[in-house]
Amino acid sequence: MSLQLPPCPASLRPIQHYLKTASEHDGRDAVISYWCRIYALQTGLQIDKNSDEGNLMLKTLVFWLEDEKKRLSENEAVTNDIAAQAHIENYALKLFLWADGQDRTGQFNKNVVKAFYTAGFLMDVLTLFSDHTEEIQQNCKYAKWKAAYIHNCLRNGEVPVPGPMGGEEGGASGSSTSQPNIGFEDYRRPEPTPSDSSLSDPPSNFQFPTPPGVPSTGNFPIPPSGRYTFPNLPNPPHSKPAP
């Protein structure tokens, strides 16, 4: 079920990424839409629940979530946290691996950027259920950095370097390709800081890719323990300090 929100106040700009991801999955995957908006609500309440604009937007989210929970009351990935975590983690992993595979073979386009961005934001949503493992936290940061890096390269007419930077796991070392101006603070709970604005939004005309095997809406089977493991990638490079 889609949602029409009032204009987002500047104070709640950090949750726009998650609201946008939710909107992109309305009609595609109700579970992803639901939990992205739960994450946006909880984060928004920590940022601004007192201003009139913020209060209006968050109340609209609350009413939608209450109705959606009733509508999806038979969907285990909405009513059961373990099933929900498995659903989101599996979906994020498939997007991440699809984007990583495209990147490592030199296939750079808007869909790859979009998939990396979305995978990173969905890894944030996983913190609703438990703290990030070291692997997921590392790959969350890597996915967001890689999305911004490829996006900036395409925008500037540069050819991105495939894979991780720094010479590990096939990454190129000593490359002259510029790196994005993006920090690597903790993205688990976004704050309205200047560093947030450095994470460039992908263009509005991006088409959301559907990698093979992404689960459709419905009850999602809980995978066996350890079945879905995020690949262990090197830490993304930090931005160079300003002179």
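Modeller: Before we start, contact here means heavy atoms within 4.5 Å. This is a predicted model, where local features need pLDDT of at least 70, side-chain atom pairs count only at pLDDT 80 or more, and totals for chains, interfaces and linings use all residues. Residues are numbered from 1 along each chain as its sequence is written, and side-chain values use heavy atoms, with hydrogens and water left out.

Biologist: Thanks! Which residues is Leu122 in contact with, leaving aside neighbours within four places in sequence?

Modeller: Leu122 is in contact with Thr21, Ile32, Cys36, Ile88, Tyr91, Ala92 and Leu95.

Biologist: And which residues touch the most other members of the largest nonpolar core?

Modeller: Those are Trp35, Ile88, Phe116 and Leu122, in a core of 56 residues. A nonpolar core is a set of buried Ala, Val, Leu, Ile, Met, Phe, Trp, Tyr and Cys residues joined through side-chain atoms within 4.5 Å. Buried means under 20% relative accessible area, exposed over 50%, and partly exposed in between, using a 1.4 Å probe and protein chains only.

Biologist: Which elements give two or more residues to this core?

Modeller: They are H1 (16-25), H2 (30-47), H3 (52-71), H4 (76-79), H5 (81-104), H6 (110-125) and H7 (134-156). The core also draws at least three residues from each of domain 1 (1-79) and domain 2 (81-161), with bounds from an automatic or database domain assignment.

Biologist: Stepping back, how many helices and strands are there in the protein chain?

Modeller: The protein chain has eight helices and zero strands. Both are DSSP runs numbered from the N terminus: helices are H or I with at least four residues, strands E with at least two. Of its 243 residues, 49% count as buried.

Biologist: Is H2 largely enclosed or exposed?

Modeller: H2 is largely enclosed by the rest of the structure, because 14 of its 18 residues are buried.

Biologist: How far does H2 reach from its first C-alpha to its last?

Modeller: It reaches 26 Å, close to the 26 Å expected at 1.5 Å a residue; that expected span is 1.5 Å times one less than the number of residues.

Biologist: What caps its N-terminal end?

Modeller: Asp29 does, with a side-chain oxygen 3.1 Å from the backbone nitrogen of Val31.

Biologist: New topic: is Ser2 buried or exposed?

Modeller: Ser2 is exposed, at a relative accessible area of 54%, and sits in the segment before H1.

Biologist: What does Ser2 touch?

Modeller: Not counting residues up to four places away in sequence, Ser2 touches Asp26 and Trp64. Ser2 also lies 9.8 Å from Glu68, C-alpha to C-alpha, though the two are 66 residues apart in sequence.

Definitions and conventions. A polar contact is a pair of N or O atoms within 3.5 Å; within protein, one must be able to donate a hydrogen and the other to accept it, and residues adjacent in sequence count only if both atoms are side-chain atoms.
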